Amino acid sequence: MPKDFQALPVVDISGLSSSDPAARQACAEALGRAAREVGFLYVTGHGLPEALFDDLLGQAKRFFARPMADKMACYIGGSVNHSGYVPEGEEVFADGKIDRKEAFDVGQDRPDADGSEPMTGPNLWPDDPAFKAAASAYYAAVAELARRLFGGFALALGLPQDHFEPHLTAPSAQLRLIHYPFDADAPPDQQGIGAHTDYEFFTLLRGTAPGLEVLNGEGAWIDAPPVAGAFVVNIGDMLEAWTNGVFTATTHRVRRVAEERYSFPYFAACDYATVVEPQAAFVTPERPARYPRLVSGDHLFAQTVKTFQYLKPLRQTVGQTAAFGRVEGR
């Protein structure tokens, strides 16, 4: 369990790009402390232009304000790579609850994909070049930031900075544009997203308003409001498993929002065929392997099939990959 933190740590990651190995290592150690002790942190010094976020936010507001018929013209159920518009009620989790949100999902745009990997292929875009341009630019920039963070986490684990590079040739990463509408009449227990951990290696998040909460070791929900210019980064199930629990995937949720909220999580993953299991460096007689072996893309697909209604016909045919037991949504 994470420690009894009362606030999220802040880590300036500008040192990861330094030519000085000592500066890179010092930055990585700060990342490692946050990953071990909390599982959540704010990242500053990332160098991404604020205009990228402003453009994405503006396009998201325009898109979600469209009539439902326009949005459903790019419904995710019509895609080949799990991209497109996700209406409220499309995602239903194990407890039967429906999140109070709508979303637009973007994957790596791969028109040349051969169809052998589920959730891989060309994105389903709305008929709006400005929306596609803003989302594509943001995706590319955050994907590069994720690559830097993979290097920082590797250093924090005592591994070479390029340790994850062979697994990042065509990662199965996803960007979500999420809209949480404000409803003054919603019941007090209506949540934006229920308590969960994320499936992937880690998540980078920018949001526009409070609502995100993180569960500490005392069972208390700690606010994680937006910090100007910073990303929230949280460890996901796959990195927890890869490190045999050295890094912590911490439970979080989005409470009933007090104002309209937009959120843009990027779920950083490795290549589809990447095998995820406790690495030998983190397995000892005193700390035996705690997690099952799985294939990254197969696990993501199986978890997605469990929650999205348009994939419901596949639930009987897609084998249940080994889950970590705490995933309820995201």
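**Close-up 1. Helix α1 (residues 21–37) and helix α4 (residues 129–156) cross at roughly 85 degrees, with their axes coming within 8 Å.** This is a predicted model, in which local features need pLDDT of at least 70, side-chain atom pairs count only at pLDDT 80 or more, and totals for chains, interfaces and linings use all residues. Residues are numbered from 1 along each chain as its sequence is written, and side-chain values use heavy atoms, with hydrogens and water left out. Helices (H or I, at least four residues) and strands (E, at least two) are DSSP runs, numbered from the N terminus. Axes are lines fitted to C-alpha atoms, for helices over the stretch in contact, and angles run from 0 to 180 degrees between N-to-C directions. Two packed helices are described by the angle between their axes and the distance between the axes. Here α1 and α4 count as roughly perpendicular to each other (under 35 degrees is roughly parallel, over 145 roughly antiparallel, 65 to 115 roughly perpendicular, and the rest oblique). On the α1 side, the residues that meet α4 are R24, Q25, A28, L31, G32, A35 and R36; on the α4 side, they are L149, G152, F153, L155 and A156. Contact means heavy atoms within 4.5 Å. Sorted by class, this contact has seven nonpolar, three polar and two charged residues (Ala, Val, Leu, Ile, Met, Phe, Trp, Tyr, Cys and Pro count as nonpolar, Asp, Glu, Lys and Arg as charged, and the others, Gly among them, as polar).

**Close-up 2. Helix α1 lies across β1, β2 and β10.** The helix has 17 residues and reaches 24 Å from its first C-alpha to its last, close to the expected 24 Å (1.5 Å times one less than its number of residues). Which residues of α1 are buried? They are C27, A28, A30, L31, G32, A34 and A35, where buried means under 20% relative accessible area, exposed over 50%, and partly exposed in between (1.4 Å probe, protein chains only). Their cover includes β1 (10–12), β2 (40–44), α4 and β10 (231–235). As for direction, α1 runs at about 160 degrees to β1. Helix α4 packs on the sheet too, touching β4, β5 (174–180), β7 (202–207), β10 and β12 (261–268), and its direction makes about 135 degrees with that of β7.

**Close-up 3. Eight strands make an open sheet in the order β1-β2-β10-β7-β12-β5-β4-β3.** The pairing is mixed, and two strands pair if DSSP finds at least two bridges between them. At the edges stand β1 and β3 (84–86), each with a single partner strand, so one side of each has no neighbour in the sheet. On average, neighbouring strands are turned by 25 degrees against each other, direction ignored.

**Close-up 4. Strand β4 (residues 102–107) runs antiparallel to β3, joined by three bridges.** Y85 has F104 as its bridge partner in β4, while G84 has D105. Six bridges join β4 to β5, also antiparallel, and here A103 is partnered by I178 in β5. In a regular strand the side chains alternate between the two faces of the sheet. For β4, both faces are covered: E102, F104 and V106 are buried on one side, and A103, D105 and G107 on the other. With six of its six residues buried, β4 is therefore largely enclosed by the rest of the structure.

**Close-up 5. Four strands form another open sheet, in the order β6-β11-β8-β9.** The pairing here is antiparallel. The edge strands, β6 (193–196) and β9 (221–223), each pair on one side only. From one strand to the next, the twist averages 25 degrees. Three bridges join β8 (residues 212–215) to β11 (residues 252–254), and L212 has V254 as its bridge partner in β11.

**Close-up 6. F301 and M119 sit 182 residues apart in sequence but 7.2 Å apart in space, C-alpha to C-alpha.** F301 belongs to helix α6 (residues 296–307) and is buried, at 15% relative accessible area. Leaving aside neighbours within four places in sequence, F301 is in contact with P118, M119, Y272, L314 and V318. M119 is in the loop between β4 and α4 and is partly exposed, with 25% relative accessibility. Its phi is positive, about 70 degrees, although M119 is not a glycine.

**Close-up 7. N244 is in the loop between α5 (237–242) and β11.** Phi of N244 is near 55 degrees, a positive value in a residue other than glycine. Is N244 buried or exposed? N244 is buried, with a relative accessible area of 0%.
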